[in-house]
Amino acid sequence: MRRAFHMTKRLYYEDQYLKEFKSKVVNFNVDFLVIEETAFYPGGGGQPYDKGYINGEGWSFKVEGVFEKDDEIVHKGVLEGREPNPGDPVRGVIDWERRYRLMRMHTAAHILGYAVKKLYGLEVGYHGGMLSINESHQDFTARIPRDDLPKLEDVVRTVIKNNLKVKAFWLLREEAKRYIEPFGEHLTELHEGIKTFRIVEIEGIYAVPCGGTHVSSTGEVGEIKLLKRESKGKGITRIRYTII
Ligand SMILES: [Zn+2]
């Protein structure tokens with residue numbers, strides 16, 4: 001049977017610190033569970049998806065993957081207990097230790113993006129990256145000598161120490177374009193066809209379109225360590241880092 005189109009409400013954009021939430025089952029199919037609203041981040045922008053549990057009366061669904069399909073967020077995992085029915089009330093619980101670390105890693109990535117521009121010029125761009133629990137990396141369109149790592153780390157640490165606010169807000173395309181320009185950011189072919197943009201700003205120093213989850217001030221990133229730089233050729237440098 002064809003079921004009605006459903007757009008999942010994304011609770012992680014209303015409150016990035018939401019760890020537990022209530023909702024209702026929309027649809028369940030073997031390994032896949034869709035609910036009306038969710039705080040589970042589906043992954044994107046280099047940030048991995050959330051894990052955790054979605055529990056109902058007489059059943060528990062262990063979330064091992066989350067992805068977007070059209071406008072729905074689909075939780076993939078393993079069911080224990082009876083099969084969930086549409087309309088069943090549920091309680092979602094995010095694996096907060098994992099998510100909070102990824103939030104700190106993500107904000108650290110933006111601070112690093114700012115630091116690279118500060119040292120090598122506004123035109124230096126982000127060229128992909130991957131966040132993970134233990135170690136993350138970000139690629140930049142600049143030649144960054146090995147000896148510069150301590151200098152770069154100093155800039156990042158100063159931003160963390162200054163405990164600047166990290167804000168997220170939505171802007172229409174033209175406004176977004178104008179807003180990010182002074183920070184050396186531009187809309188690219190990746191942004192084609194998008195009408196509204198979520199902007200993440202480290203107050204006053206760096207704003208960039210981003211769909212990820214962030215801590216609310218740079219101080220929460222805590223201790224950061226730049227581990228290594230690798231030349232990827234064609235003027236691209238990869239910076240590996242971790243947070244403690
Ligand atoms: Zn981001």
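The model is predicted, with local features needing pLDDT of at least 70, side-chain atom pairs counting only at pLDDT 80 or more, and totals for chains, interfaces and linings using all residues. Residues are numbered from 1 along each chain as its sequence is written, and side-chain values use heavy atoms, with hydrogens and water left out.

Student: Which residues coordinate the zinc ion?
Tutor: Donors are N, O and S atoms within 2.8 Å of the metal (3.2 Å for Na, K and Ca), and since water is not among the atoms, sites may look incomplete. Here the distances run from 2.1 to 2.3 Å. In sequence the donor residues follow the spacing H-x3-H-x99-C. The donors are H106 (NE2), H110 (NE2) and C210 (SG).

Student: Which helix holds H106 and H110?
Tutor: Helices (H or I, at least four residues) and strands (E, at least two) are DSSP runs, numbered from the N terminus. H106 and H110 are four residues apart, about one turn of the helix. Both lie in helix 2 (residues 96-120).

Student: Is H106 buried or exposed?
Tutor: Buried means under 20% relative accessible area, exposed over 50%, and partly exposed in between (1.4 Å probe, protein chains only). H110 has 9% relative accessibility and so counts as buried. The value for H106 is 4%, so H106 is also buried.

Student: With which residues is E80 in contact, leaving aside its neighbours within four places in sequence?
Tutor: E80 is found in strand 7 (residues 72-81), and it counts as exposed because its relative accessibility is 61%. Contact means heavy atoms within 4.5 Å. By that rule the partners of E80 are G58, W59 and S60.

Student: How much area do domain 1 and domain 2 bury between them?
Tutor: The domain assignment, which is automatic or from a database, gives domain 1 (9-94) and domain 2 (99-243). The contact takes twelve residues from domain 1 and 18 residues from domain 2. Buried area is the accessible area (1.4 Å probe) that two parts lose on being put together, summed over both. With 48% of it on carbon and sulfur atoms, the buried area is about 1300 Å².

Student: How many salt bridges are there between domain 1 and domain 2?
Tutor: A salt bridge is a side-chain nitrogen of Lys or Arg within 4 Å of a carboxyl oxygen of Asp or Glu. A search of the whole structure finds 19 salt bridges. Between domain 1 and domain 2 the count is one.

Student: How many residues apart are D139 and R238?
Tutor: The side chains of D139 and R238 meet in a salt bridge at 2.8 Å, N to O. The pair links distant parts of the chain, with D139 in strand 10 (residues 136-140) and R238 in strand 15 (residues 236-243). Both D139 and R238 are buried. Their separation is 99 residues.

Student: Is D148 buried or exposed?
Tutor: D148 forms a salt bridge with K151, the closest N and O atoms being 3.6 Å apart. K151 has a relative accessible area of 47% and is therefore partly exposed. At 13% relative accessibility, D148 is buried.

Student: What is the N to O distance in the salt bridge of E64 and K62?
Tutor: E64 is partly exposed because its relative accessible area is 39%. K62, at 38%, also counts as partly exposed. Their side chains meet with an N to O distance of 3.9 Å.
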